[in-house]
Amino acid sequence: MAPGVPSIKIIEPKSSADPDGEESRDNFGKVKFAVPSKSSKRVGHMSFAPPLAVDRGQDRLANPSVRASPVERRRKKVALKPGHSAVDWERSKKNEDVRKIDPSSFPMRITKAQLKQHHSGKDCWISLGGKVYNITNYLDYHPGGREILVDNSGADGTMMFQRYHPWVSFEKILDACFIGFLV
Ligand code: HEM
């Protein structure tokens with residue numbers, strides 16, 4: 001290197017021709033530059049990181065055969081009917097009898113066999129965390145759509161619920177729909 005002239009070295013990916021192992025994944029894409037000074041040989045680093053995560057959305061636009069990740073495949077939000085937002089649900093559950101059971105039997109003790117009988121869009125019960133909810137009125141307010149709820153009704157939906165959205169508080173959203181315990 002000529003005295004006083006900075007030098008730049010671009011590090012290439014590791015190869016068999018690199019016995020020193022300098023060209024590791026960490027170094028890939030880094031530009032190494034040396035700035036000579038009067039008293040010392042100081043060496044600095046400037047880096048541009050190669051993208052580690054591929055933008056799958058963009059990839060798919062360019063190449064439709066690229067498949068969505070499992071998480072992307074799960075996220076299927078549906079368009080809710082007008083007047084069916086989360087705020088509307090809060091209002092609706094206060095103004096209507098969403099339990100639809102005999103108040104004298106509340107809270108009910110519900111067997112699996114009983115639960116199984118309420119597995120339709122017009123009569124829809126689901127067990128979550130050992131509690132049973134009548135979600136018939138909630139169906140049209142569910143951001144994931146009514147179909148997936150009806151499909152999982154009449155049974156214990158805890159696993160499915162947790163799989164899709166563990167951050168959602170069903171106890172809060174469905175408080176008015178609570179009808180009893182699974183026994
Ligand atoms: C048990 C079966 C259930 C399944 C399979 C299911 C599935 C889904 C799916 C696919 C979505 C849309 C995708 C997403 O936002 O990630 C979703 C969103 C949502 N679901 Fe469910 N769901 C279930 C039960 C419930 C219940 C009982 C409630 C009410 C407590 C509920 C509340 C919500 C909420 C609030 C969202 C929006 C989440 C967000 O935007 O972050 N789900 N659900």
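## Exercises on a predicted fold

The protein chain has seven helices and eight strands; these are DSSP runs, with helices being H or I of at least four residues and strands E of at least two, numbered from the N terminus. It's a predicted model, where local features need pLDDT of at least 70, side-chain atom pairs count only at pLDDT 80 or more, and totals for chains, interfaces and linings use all residues. Residues are numbered from 1 along each chain as its sequence is written.

**Exercise 1. Work out the strand order of the five-stranded open sheet and say which strands stand at its edges.**

Step 1. Find the pairs: two strands pair if DSSP finds at least two bridges between them. Strand β8 (residues 178-182) is joined by three bridges to β4 (residues 108-110), and these two run parallel. β8 also has three bridges to β7 (residues 131-134), this time antiparallel.

Step 2. I110 has L182 as its bridge partner in β8.

Step 3. The order is β4-β8-β7-β6-β5, with mixed pairing. β4 and β5 (119-120) are the edges: each has a single partner strand, so one side of each is left without a neighbour in the sheet.

**Exercise 2. Describe the largest nonpolar core and follow Y133 within it.**

Step 1. A nonpolar core is a set of buried Ala, Val, Leu, Ile, Met, Phe, Trp, Tyr and Cys residues joined through C-beta atoms within 7 Å. Buried means 20 or more other C-beta atoms within 10 Å of a residue's own; 12 or fewer is exposed, in between is partly exposed, and C-beta atoms are placed from the backbone. By that count, 15% of the 183 residues of the protein chain are buried.

Step 2. The largest core has 17 residues, and I126, Y133, I135, Y138, L174 and C177 touch the most other members. β6 (123-128), β7 and β8 each supply at least two residues of this core, and β6 has the largest share, with four.

Step 3. Look around Y133. Skipping neighbours within four places in sequence, Y133 contacts W125, I126, L128, L174, C177, F178 and I179; a contact means C-beta atoms, placed from the backbone, within 7 Å.

**Exercise 3. Characterise the shell around the ligand.**

Step 1. Start close in. There are 19 residues around the ligand, and P143, G144, G157, F170 and I173 come nearest. A residue counts if its C-beta atom, placed from the backbone, lies within 6 Å.

Step 2. α5 (146-151), α6 (158-164) and α7 (170-173) each give at least two residues, with α6 giving the most, three.

Step 3. Sort by class: eleven nonpolar, five polar and three charged. Here Ala, Val, Leu, Ile, Met, Phe, Trp, Tyr, Cys and Pro are nonpolar, Asp, Glu, Lys and Arg are charged, and the others, Gly among them, are polar.

Note on methods
Two residues are in contact if their C-beta atoms, placed from the backbone, lie within 7 Å.
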